Amino acid sequence: MSEEILINVTPTETRVAVVENGMLQEVSLERNSYLGYLGNIYKGIVSRVLPGMQAAFIDIGLERTAFLHVSDIAQPEIDGDTAAALPRTENIRDLVNEGDDLPVQVLKDPLGTKGARLTTFITLPSRYLVYMPKGHGTGVSSRIEDETERNRLREVVSLGHVGTGGYIVRTAAEGAPLEALRADMLFLQRLWEVVRQKALRATAGELVHEDLPLHQRILRDLLGHGVDRVLVDAPTAFFGSRSGAGGIS
């Protein structure tokens, strides 16, 4: 099977196509006039709490306040001895109040009159892994079906895990060497520390971190041994992808 990634960059938009054996399989498009906010991390400030909806409106510096539901709020860590006395609360008033500031990530872009949907369960992707600073344990993509490989990947990540948080092993990690997986873990840990420190210094409504542009995201997520070649028609995109694709191995 022959697989190619075609990248077309114009002054108004970027298009990326995935072609297998000469047949178009997937097309992605990103307009320069609207890049969207999905995956961006902001320092938000709680502008209003709605107990009846178990939700809050968060100001992240956009035209409309964003929406944060109680189910998308990471709750404080508790140890096993106090877990029974302090069960997970579903009362948003126990978690946030007007005027609180907190790091949030965009789950859904604004649509029409609705603001963006947010979460405090922040995730940071790399080529092989997704790091969840407030998560636990190691999960493996269901697309990796070989049980021996699933166990190998879980063991490598678990043994190399330092500090807090959890990981999801992405499909692209199948067959990846130990050194590449550990390099991704180190990259993500350093990236999270940069994001965390920036969030502490940021003012309310400030953008703390944004994901890569479309063509670099595609290369990060899809570029692997199965891709025969990548064709790029813009020198700026070519050199940018070579030097700053954050987690591309």
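**Basis.** The model is predicted; local features need pLDDT of at least 70, side-chain atom pairs count only at pLDDT 80 or more, and totals for chains, interfaces and linings use all residues. Residues are numbered from 1 along each chain as its sequence is written, and side-chain values use heavy atoms, with hydrogens and water left out.

**Confidence.** pLDDT is the predictor's confidence in each residue, from 0 to 100. Its mean for the protein is 86. A value of 70 or more is reached by 88% of the residues. The table gives their contacts beyond near neighbours in sequence; contact means heavy atoms within 4.5 Å.

| Stretch | pLDDT | Contacts |
|---|---|---|
| residues 79–86 | under 50 | 2 contacts beyond four places in sequence |
| residues 242–249 | below 50 | 17 contacts beyond near neighbours in sequence |

Where pLDDT is low, the predicted coordinates should not be read in detail.

**The sheet.** Helices (H or I, at least four residues) and strands (E, at least two) are DSSP runs, numbered from the N terminus. Two strands pair if DSSP finds at least two bridges between them. An open sheet is formed by 4 strands, in the order β9-β10-β12-β11, with mixed pairing. β9 (124–125) and β11 (138–140) each have a single partner strand, so one side of each lacks a neighbour in the sheet. β11 runs parallel to β12 (residues 166–169), joined by 3 bridges. Val 140 has Val 169 of β12 as its bridge partner.

**The helices.** Axes are lines fitted to C-alpha atoms, for helices over the stretch in contact; angles run from 0 to 180 degrees between N-to-C directions. Helix α2 (residues 147–160) lies across β10 (129–132), β11 and β12. It runs at about 150° to β11. Helix α3 (residues 178–201) also packs on the sheet, touching β9, β10 and β12. Its direction makes about 35° with that of β10.

Buried means under 20% relative accessible area, exposed over 50%, partly exposed in between (1.4 Å probe, protein chains only). Buried residues of α3 include Leu 181, Met 185, Leu 188 and Trp 192. The buried residues of α3 pack against β4 (41–50), β9, β10, α2, β12 and β13 (206–209).

**Ile 5.** Ile 5 lies in strand β1 (residues 3–9). This residue is buried, with a relative accessible area of 0%. Leaving aside neighbours within four places in sequence, Ile 5 contacts residues including Val 16, Ala 17, Ile 218 and Leu 231. Val 18 is 13 residues away from Ile 5 in sequence, yet their C-alpha atoms are 4.8 Å apart.
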